[in-house]
Amino acid sequence: MPTPPKKRGRSKEEKRSGARKKSSPSIVGKEFNYVLQLTEADTRLLKRYQDVLAQGAAGFAETSYNYLFDNPDIADVMYAYERDGGNIGELVRGMLKHKLSLLKGDTGEKATSHSEQIGRAHFRLGVKPVWTLGAYRLFMDHLQKLVATDPQIAEQDRDALEAALIKMILRDQGVMTEAYWRAAVEQLKDQRDELGVEQNLAGEILSHIPQLLWTVDIESNRITYASPGTRDFCSGELDAPIPCFYHVHGAERERVLTAWQQVIDGQSVQLEVRLAPDDSTERWFRMAFYPAANRRGRVLRVHCLMEDITDMHSERERLEQLSTQDEVTGLANRTLWYDRLALALAVARRNPGAAVAVMVLDINQFKMYNDSLGHEAGDELLRQVAQRLQKVVRDTDTLARLGGDEFGIVLPLLQDAERAVERVASEVMNALSAPFTYRQRELCLSSAIGISLYPQHGDEAGTLASHADSAMYRAKWNAAPYLFYESEAAVSSASEHLKFSGQLHGALEREEFELYYQPKIDLDSGRICGAEALLRWQHPQQGLVLPGHFIPVAEQLGMISPITDWVLDTALEQSKHWPVDGSPMPISINVSARSFQSPGLVARIKQSLQKAGLEGNCLEVEITEGTLMTDLDAGAGILQKLSELGVSIAIDDFGTGYSSLSYLKRLPIDVLKIDQSFLENMAGNPRDAAIVLSIIELGHNLDCKVIAEGVEDEAVRLRLKEMGCDFVQGFHISRPLPDASFREWLSRA
Ligand code: C2E
Ligand code: MG
Ligand code: MG
């Protein structure tokens, strides 16, 4: 068989595979001699007939050549050898030369080592030992013929010569095969060493990386590999079909099982799951399953890479929340609220008869507190409001902070929507009615709520939100706790609010306010018994603005108290100069709910009276029933103090509110003012006349004087006189007049 081509240097493979290990060959050489009983006599005999046996080598060369190429497997190896740059002619010549060298009977070290190199070369080139056997058989055939027939060989030597040849050939064959297998074993050893180094390296890497790696054999349902990290993490739970499975959060196990089925079916799957390793806190892991299948696609093993992604997961959640959550209150923000509204509408559209209510809620006093106490207080208030509102809404509702002091609620799928939403609105009012605390201070808040309903007021989220918004403005404007959307009214009040709110700031400083006065007449004597101060605003563009248009705005903006102070000072100061003889004529001022409740009202009144040099009996304070009823106990205390100062107290617009008569009895009230709405219809409506009469009687029973306001003609004046009313006020006597005109009117009267 082929010898290695001589001129080619040692190949890379040769260098790696241990062909270089030259120390071993001669060791086996002697053993072969012993085993085969190859003796000196054999060598001598072979040497003697060497030339005779070398005859016919050319013929044998051709036989060998045919043998190589008749066998397709051997031919393939030959062609590969040629492709690699080898020369087949040279190879066959080398093979022949080696065979002929055996005829010398040389069993020396050099010859043995040469045979061994051929064996190693065969291994390298992929020449199978069995093929060599064939080549030797042909050689032996050729030699046997010569030995049996050549006349140059002595008859008595023939058997011994044949035996010697057989031994030589067997020896060469043995040495080559031994070398062949040694090369194979050495290569395997080298590969195993390399694999060992690689495995150690892989083990080192795997024990240092945070990822967990394991492999499960699907046939046997056994874990074939678990990285050191996996073993630590699973602590003894490695025998489950899916390692670490029992650390997976209960709610996530179904997903893991589904993924497992998919990977067994041949797909790579990734999923993120919550794991709770050994009582410690929950962690998020990404599990990536990879199938390892055979050529027919059957999955034999599943590899899994697990990675702790808790930090990434929390960060992602934080970012998600930021985009949908209000940072101050932790509620949903406008974006999420809007989304939920759209969703609720989509559901409602599919459910005939279903409704959705949209509530927009504005905190009335928020701006004032935020401006005066600072943003920290403002934020704290918003948080407290949010907490209280949260208790009012159900899980299916969406409460959100829409921005500033505005909150929004979406109430989906309401049956009997109007009533249900009214109930929620009053629960909201209740929830906000108790004072809030900030740094031991008690702060009172109220809200204005605007409501729009699907389907009555619109069917798009945008429309409903803006309708709820305008209803909220109208509620604010009308000092109503909540209002439903109404088309035109909402538009005008909101725009009016916007028109005035900016310019009201600074109107005091710019001296744009003015007081008008309207006289009150004693029906018995016909004499002037007092005057009411009524505020006017000389608006630079709008001209004269009546109080009904700007007082509610001033209240909302928290600007009413300085205005009340100004009215008080101005009215007392101007009234001093009126031409009235005898006893001083009391001046009435209107005090709104917010001013009445603000601490220090009594002190300011006292101070103002002192400044004007007037006694308490020169002043009357008009408050409405509503003002009194918001906090009866506090109200009663204030009235008591005012009464002690000698200031007279009148209940304005009496009959329009809900006074508790039993309370009225206990309060130091001096005057009831019958609301003008009762006078308007008194002539045509006996019920209104009855109410007027009842109020007059009630007032007298309570020891109060009764005045009717809004008296526009003589008939009403006479009727009131008949009914026993004490005083009247109205256009019939005089319209409210500016100070100078009122002074003139007084002197004429
Ligand atoms: P009010 O205290 O009930 O004042 C009576 C209102 O009736 C005044 O309207 C007056 O001009 C009007 N009036 C008087 N006689 C007649 C009449 O014969 N016929 C008709 N149709 N109306 C008559 P005004 O001045 O527009 O004031 C409206 C409301 O604004 C007042 O109702 C009062 O609640 C409030 N207001 C006025 N000035 C002040 C103020 O200085 N401070 C506060 N907080 N509120 C004020
Ligand atoms: Mg009044
Ligand atoms: Mg009134």
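How many Å apart are the magnesium ion (ligand 2) and the magnesium ion (ligand 3), and which residue coordinates both?

1. The two ions are 4.2 Å apart, and Asp 652 coordinates both. This is a predicted model, in which local features need pLDDT of at least 70 and side-chain atom pairs count only at pLDDT 80 or more, while totals for chains, interfaces and linings use all residues. Residues are numbered from 1 along each chain as its sequence is written, chains are lettered from A and ligands numbered from 1 in the order in which they are written, and side-chain values use heavy atoms, with hydrogens and water left out.

2. The magnesium ion (ligand 2) has four protein residues around it: Glu 532 (OE), Asn 590 (OD1), Glu 622 (OE) and Asp 652 (OD), at 2.1 to 2.2 Å. Along the chain these donors follow the spacing E-x57-N-x31-E-x29-D. Glu 532 in strand 14 (residues 528-539) and Asn 590 in strand 16 (residues 587-590) are 58 residues apart, a pair that links distant parts of the chain. Donors here are N, O and S atoms within 2.8 Å of the metal (3.2 Å for Na, K and Ca); water is not among the atoms, so sites may look incomplete. Helices (H or I, at least four residues) and strands (E, at least two) are DSSP runs, numbered from the N terminus.

3. Glu 532 is buried because its relative accessible area is 3%, and Glu 709 is buried at 9%. Asn 590 has 31% and is therefore partly exposed; Asp 653, at 25%, is also partly exposed.

4. The largest nonpolar core has 74 residues, and those with the most contacts inside it are Ile 587, Ile 605, Leu 619, Val 692, Leu 720 and Phe 742. Helix 20 (residues 560-575) gives the most to this core, with 6 residues. A core of this kind is a set of buried Ala, Val, Leu, Ile, Met, Phe, Trp, Tyr and Cys residues joined through side-chain atoms within 4.5 Å. A second, separate core of 40 residues includes Leu 91, Tyr 136, Leu 146 and Val 147.

5. Leu 619 can be inspected in more detail. Leaving aside residues up to four places away in sequence, Leu 619 touches a set including Leu 568, Leu 572, Ile 587, Ile 605 and Val 647. Contact means heavy atoms within 4.5 Å.

6. Ile 209 sits in the loop between helix 9 (158-208) and strand 1 (212-217), and is partly exposed at 31%.

7. The structure holds 34 salt bridges, each a side-chain nitrogen of Lys or Arg within 4 Å of a carboxyl oxygen of Asp or Glu. Lys 520, Glu 532, Glu 620, Glu 622, Lys 673 and Glu 709 are linked in a network of them.

8. Asp 371 and Lys 367 meet at 3.0 Å, N to O; being 4 residues apart in helix 14 (residues 366-373), they are separated by about one helical turn. Asp 371 is exposed at 54%, whereas Lys 367 is partly exposed at 42%. Arg 474 and Glu 486 meet at 4.0 Å, N to O. Arg 474 lies in helix 17 (residues 461-477) and Glu 486 in the loop between strand 12 (482-484) and helix 18 (487-504), so this pair ties together parts 12 residues apart in sequence. Arg 474 is buried at 6%, and Glu 486 is partly exposed at 45%. Glu 512 pairs with Arg 510 at 2.7 Å, N to O; Glu 512 is buried at 10%, and Arg 510 is partly exposed at 43%.

Note on methods: Buried means under 20% relative accessible area, exposed over 50%, partly exposed in between (1.4 Å probe, protein chains only).
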